[in-house]
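Subject: Structure for you, with notes

Hi,

Here is the structure I promised to pass on. Please open it next to these notes and check the residues as you read.

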Amino acid sequence: RRMRLVVAWAFAVLQGLIGLTGNYAFFNLLAVAIALGVVDDGAWPLRSAREGSDISDAGAFAHAGSTAIALLALVKSGVKVTDAGFTTGWDFLAAYDPEKAEEMYTPSLLCLLAQAYADALARDADVKPENAAAAKKSINAVVDKSLAVILKNYDNNKGEGFSYGKNHPAGTDLSNTQFCILALLASARLGRDVPVEIWSKL
């Protein structure tokens, strides 16, 4: 177990160092998500939720972002959304306030995960109607909160694109913009109105 943890953290640190050079994108985050696969069920993003920790503490946005991308990878790999690991992680994210995010990756990943969750619900005939209704309500709440943060960031940048957000210098960032565009597309597929001008400008 110790060796697995060392390898996972070493790989995550390597991707972080690559990120510091400016050569970062979705694949760096995906590589970290894959590295989490060697960690046992006590993986820290979900452990904090199981132990009932306060997600409002410092650094909670990192937990939300890593949990979202891990759950997205699980759903895309065929893991059922009724699995206890998924539902625990989703409950953690549903309680998270995307306004606390220091970047646009987290609210964007929440939108992408919400779409994947909704698609999985539509495919899974084993989900009870009452559970599906509750899940859809939760999905809608997550999308609405996250989309509001993304659109606010767009307005703050005067329609020129998306930036890291609060506590960062002004100016758009291509990586954040890429994630936000994917999130806007996911939100539109979930029935949300995305201003047409955004598509035409970007």
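Below is what was found, from the overall fold down to single contacts.

This is a predicted model: local features need pLDDT of at least 70, side-chain atom pairs count only at pLDDT 80 or more, and totals for chains, interfaces and linings use all residues. Residues are numbered from 1 along each chain as its sequence is written, and side-chain values use heavy atoms, with hydrogens and water left out.

Overall fold

The protein has 9 helices and 0 strands. Helices (H or I, at least four residues) and strands (E, at least two) are DSSP runs, numbered from the N terminus. Along the sequence the pattern reads α-α-α-α-α-α-α-α-α. Of the 202 residues, 40% are buried. Buried means under 20% relative accessible area, exposed means over 50%, and partly exposed lies in between (1.4 Å probe, protein chains only). Take the contacts with a separation of 6 or more: residues 24 or more positions apart account for 67% of them. Contact here means heavy atoms within 4.5 Å.

Cores

A nonpolar core is a set of buried Ala, Val, Leu, Ile, Met, Phe, Trp, Tyr and Cys residues joined through side-chain atoms within 4.5 Å. The largest one holds 32 residues. Phe-86, Trp-90, Leu-93, Leu-113 and Tyr-117 touch the most other members. H4, H5, H6, H7 and H8 each supply at least two residues of this core. H6 gives the most, with 10 residues. Look at Tyr-117: leaving aside neighbours within four places in sequence, its contacts are Val-81, Phe-86, Trp-90, Ala-135 and Ile-139. A second, separate core has 12 residues, including Val-149, Ala-183, Val-194 and Ile-198.

Salt bridges

A salt bridge is a side-chain nitrogen of Lys or Arg within 4 Å of a carboxyl oxygen of Asp or Glu. By this rule there are 2.

Lys-80 pairs with Asp-124, at 3.6 Å from N to O. The pair links distant parts of the chain, 44 residues apart. Lys-80 sits in the loop between helix H4 (60-76) and helix H5 (84-94). Asp-124 sits in the loop between helix H6 (105-123) and helix H7 (129-156). Lys-80 is partly exposed at 43% relative accessible area, whereas Asp-124 is buried at 11%.

Arg-192 pairs with Asp-144, with the closest N and O atoms 2.6 Å apart. This pair also links distant parts of the chain, 48 residues apart. Arg-192 is in the loop between helix H8 (174-189) and helix H9 (196-201), and Asp-144 is in helix H7. Here Arg-192 is buried, with a relative accessible area of 17%. Asp-144 is partly exposed, at 41%.

A loop contact

Glu-103 lies in the loop between H5 and H6. At 9% relative accessibility, Glu-103 is buried. A polar atom of the Glu-103 side chain lies 2.8 Å from the backbone nitrogen of Tyr-105.

Surface

The protein exposes about 11000 Å², and carbon and sulfur atoms supply 59% of it. Areas come from the Shrake-Rupley method with a 1.4 Å probe; for residues, only the protein chains shown count as cover. Met-3, Val-6 and Val-7 make a nonpolar surface patch of about 290 Å². Such patches take residues with over 30% relative accessible area and no salt bridge, nonpolar side chains (Val, Leu, Ile, Met, Phe, Trp, Tyr) being joined within 5 Å and like charges within 9 Å. Val-7 lies in helix H1 (residues 2-20) and is partly exposed at 46% relative accessible area.

Best wishes

Key
A polar contact is a pair of N or O atoms within 3.5 Å; within protein, one must be able to donate a hydrogen and the other to accept it, and residues adjacent in sequence count only if both atoms are side-chain atoms.
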